[in-house]
Amino acid sequence: MKSLAPLSILFVTLLGPAAHAQFVDHFEGNEIHPDWQYFTGDGDARLNFVPLDGHARMEIDATDDQHNVWWSIIKRNVAPHLDMEKLASPDYELRIEARIRVSDAPRRVNFMINTQRTTDFHQHLREYDIPNTTEWHTISMTTEGLDAVPGDDLNVQLSATDWGPGKYHVDVDYYRADVVRAADAEADVGEPLVYHPPIRTLDTFTQHRPAAHDVVLNRDYPMVNFDGWHTEEKEAKVPVSTVSANQWLLLRWDLSALKSADADGTGVLELTTQSVHKGGNYVAAYEEDLGVEFDKIRVFEVMGGPKQWDQKELTFQGFVRGEPLETLVNGQMVFDVEPAAERGGKTHITLSRPVMQRLLDGTTKGLLIRPLGALEATFYDSQAEDPKLAPTLYFNLQ
């Protein structure tokens, strides 16, 4: 009988890298394996994990969510499928990989790896900026210093968080996990982003750009321009911008000369506080874990609206032009942070490399700042007498 070995080798080769995984789920067939768990938390979202034609789908319904602080997770313990004794060696790490497609973009998803002993849930968490809805995207993460030993659960996760109040989905073509020799591990794909990275020192940036235009938009007074918004200091009017429940700060930079440039790493947005007013017992009103989400400002990418606008003329009505605000702004915030409380204090907000690139090429037309919770935060604006007080973008170019 003629050997079938060459044909078998060809078949495995055609299957691609996922065929060699120590754990892999191709999500074929009519059922999701019962070892997959799926659930949501914090906000008021619902998740279903269902099989489709050769892949699985995370179906997310966040239409009833009030504050956009929800998260949704699929999770599986892969320890039974892996060589945990080898993984316990410092010479080996865990590499996970998935091929995904999203319903809305740009949006971030994240991987997380943990055991039942994990206390730092951010150590092995990476985010991935998915730029479009039309393609499948491969993302991977390799751990560094993973503490996992025989007898542990080893949970691998994929999560979508804070995408906005609406219905969304994430398609998963496959999910794989491998124990790999750290010295021989392939480079990760999909640009893993550190969750809440440390703020870079500002003198490491070559580009310092104050906002060209900043204006507050007030939904309650949609036809009013608020360019003259101000406070008084030492009996002098000081131009400022205030964000509160229905009033938000819109920032725009003139980066047209850099449209063909490439961002080099993360950027930083700097805001200078004039005053902050906050309070309220959120823990009593909401679940304890949800209470810590409040008293922050959130930064969103502006994807629509007028390409150019003047702060002396723009109104809320002129910005939305009859469109729902939610269609003009990426529903998933770039970052959220507690603003510096003291006058003159600096709030620094990291902007990932993909966000900086979209600002440079004009895909993102500006940034919108709104509060989470009953917070009123006032910042010095671009017309401040001291230019060091103006909202400023720090970044580097390749």
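A pocket is here an open set of points, on a 1 Å grid over the protein atoms alone, with protein on both sides within 12 Å along at least five of seven lines, and its lining residues have an atom within 4 Å of a point. Grid points are joined across faces, edges and corners, and a volume is the space filled by probe spheres set on the points. The model is predicted, so that local features need pLDDT of at least 70 and side-chain atom pairs count only at pLDDT 80 or more, while totals for chains, interfaces and linings use all residues. Residues are numbered from 1 along each chain as its sequence is written, and side-chain values use heavy atoms, with hydrogens and water left out.

**View A. The second largest pocket.** This pocket has a volume of about 600 Å³. Its lining comprises 27 residues, of which Q66, H67, N68, R370 and P371 are the closest to its centre. Strand 19 (296-302), helix 6 (325-328) and strand 22 (366-372) each supply at least two lining residues, where helices (H or I, at least four residues) and strands (E, at least two) are DSSP runs numbered from the N terminus. Strand 22 gives the largest share, 4 residues.

**View B. The largest pocket.** The volume of the largest pocket is about 890 Å³, and among its 37 lining residues H122, E127, T161, Y195 and H196 lie nearest the centre. Strands that each contribute at least two residues to this lining include strand 5 (71-77), strand 7 (107-114) and strand 21 (346-351).

View C. Five strands form an open, antiparallel sheet in the order 14-17-22-19-20, two strands being paired if DSSP finds at least two bridges between them. Strand 14 (213-218) and strand 20 stand at the edges with a single partner strand each, so one side of each is left without a neighbour in the sheet. Strand 19 and strand 20 pair in the antiparallel sense over 3 bridges, and R298 has D336 in strand 20 as its bridge partner.

View D. Strand 14 is joined to strand 17 (residues 247-252) by 6 bridges in an antiparallel arrangement, and D214 has L251 of strand 17 as its bridge partner.

Key: On a 1 Å grid over the protein atoms alone, a cavity is a set of points where a 1.4 Å probe fits but cannot get out, and a pocket is an open set with protein on both sides within 12 Å along at least five of seven lines; lining residues have an atom within 4 Å of a point.
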